[in-house]
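Colleague: I am new to this structure and would like to learn how to read it. Please show it, and then I will ask about one feature at a time.

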Amino acid sequence: MKKQSGFIKDAIILFAITLISGLILGFVYDITKAPIAAAAKAAKNEAYAVVFPEAKDFEASDAETSKIAETADEISGKGFGHVTVDEVVDAKDASGNNVGRVITATSKDGYNGTVQLSVGIKSDGTVVGITFLTLAETPGLGMRAGEKDFYSQYANKNTKEFKLVKGSASGDNEIAAISGSTITSSAVTNAVNAALYFNSILE
């Protein structure tokens, strides 16, 4: 009887400890949830600001975000390769007016796999710039996509679609491929073009 009584007592103590621990963890989560979310948004905004420096804030729109899933099949059939649109936010000025968007897209056609980037696009369709979120290509070849000489080619251009060319680019919509790294150059250009196409749908 004593053994059974001791077992019940231990079980009650263990239950109480578990209950209190759960309550404490829940309380801590509630306290830290908002600061963590704010820090995550600040980190994203910092990345967005790289491709849209004139914007003062960035906000997601439920209506625009829902379009990502709705247009996925359409975009996959546009000849951009294995590209997906991942995220879209509105770029806003100091008065809260929309001045464009930042669209994040991923190509799975990089030489070493995934290339993910964000594209800043003004309301008139002009590309402000691009920045890489994921780029793990071959050093000295595909990794040169992360160098200004290459990615700056997309900036301040207003076109429906960029065209990758070997050698020097002559037209405003032409992008000179990285010598010896056409695969990476193509993956980047296709991801940018997918972002532009998605932006045109939202317009």
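Colleague: Leaving aside its neighbours within four places in sequence, which residues is Thr71 in contact with?

Modeller: Contact means heavy atoms within 4.5 Å. Once neighbours within four places in sequence are left aside, Thr71 is in contact with Phe198 and Ile201. Before going on, note that this is a predicted model, in which local features need pLDDT of at least 70 and side-chain atom pairs count only at pLDDT 80 or more, while totals for chains, interfaces and linings use all residues. Residues are numbered from 1 along each chain as its sequence is written, and side-chain values use heavy atoms, with hydrogens and water left out.

Colleague: Where does Thr71 lie, and is Thr71 buried or exposed?

Modeller: Helices (H or I, at least four residues) and strands (E, at least two) are DSSP runs, numbered from the N terminus. Thr71 lies in the loop between α2 and α3 (72-76). For burial, under 20% relative accessible area is buried, over 50% is exposed, and in between is partly exposed (1.4 Å probe, protein chains only). Thr71 has 5% relative accessibility and therefore counts as buried.

Colleague: How do I read a salt bridge, and how many salt bridges are there?

Modeller: Side chains of opposite charge can pair when their charged atoms come close. The rule here asks for a side-chain nitrogen of Lys or Arg within 4 Å of a carboxyl oxygen of Asp or Glu. By this rule the count is 4 salt bridges. One of them joins the side chains of Arg101 and Glu64, at 3.0 Å from N to O. That pair links distant parts of the chain, with Arg101 in strand β3 (residues 98-110) and Glu64 in helix α2 (residues 62-70), 37 residues apart. Arg101 counts as buried at 9% relative accessibility, and Glu64 counts as buried at 11%.

Colleague: Which residue forms a salt bridge with Arg101 at 2.6 Å?

Modeller: Glu203 does, 2.6 Å being the distance between the closest N and O atoms. Arg101 is in strand β3 and Glu203 in the segment after α5 (182-202), so this pair ties together parts 102 residues apart in sequence. Glu203 is exposed, with a relative accessible area of 56%. Glu64, Asp90, Arg101 and Glu203 are linked in a network of salt bridges.

Colleague: What separates Lys67 and Glu70 in helix α2?

Modeller: An α-helix has 3.6 residues a turn, so residues three or four places apart point the same way. Lys67 and Glu70 are 3 residues apart in helix α2, so about one helical turn separates them. Their side chains meet in a salt bridge of 3.6 Å, N to O. Lys67 is partly exposed at 33% relative accessibility, whereas Glu70 is exposed at 54%.

Colleague: How many aromatic pairs does a search of the whole structure find?

Modeller: Rings of Phe, Tyr and Trp (its six-membered ring) pair if their centres lie within 6.5 Å; planes under 30 degrees apart count as stacked, over 60 as edge-to-face and the rest as tilted. The search finds 4 aromatic pairs. Among them is the edge-to-face pair of Tyr154 and Phe162, with 5.2 Å centre to centre and 85° between the planes. Tyr154 is buried at 0% relative accessibility, as is Phe162 at 3%. Phe150, Tyr154 and Phe162 form one aromatic cluster.

Colleague: Which residues of the largest nonpolar core touch the most other members?

Modeller: A nonpolar core is a set of buried Ala, Val, Leu, Ile, Met, Phe, Trp, Tyr and Cys residues joined through side-chain atoms within 4.5 Å. The largest has 31 residues, of which Ile130, Tyr154, Val188 and Val192 touch the most other members. α5 gives the most to this core, with 9 residues. Val192, leaving aside neighbours within four places in sequence, is in contact with Leu117, Val119, Ile130, Tyr154 and Phe162. A second, separate core of 10 residues includes Tyr48, Ala55, Ala91 and Val99.

Colleague: Why is α5 described as largely enclosed by the rest of the structure?

Modeller: Because 15 of its 21 residues are buried.

Colleague: Which residue does UniProt list for "modified residue: FMN phosphoryl threonine"?

Modeller: UniProt positions are given in the numbering used here, feature names are shortened, and annotations may be inferred rather than shown by experiment. The unreviewed UniProt entry lists Thr182. Thr182 is in helix α5 and is partly exposed, with a relative accessible area of 36%. Not counting residues up to four places away in sequence, Thr182 touches Leu164 and Lys166.
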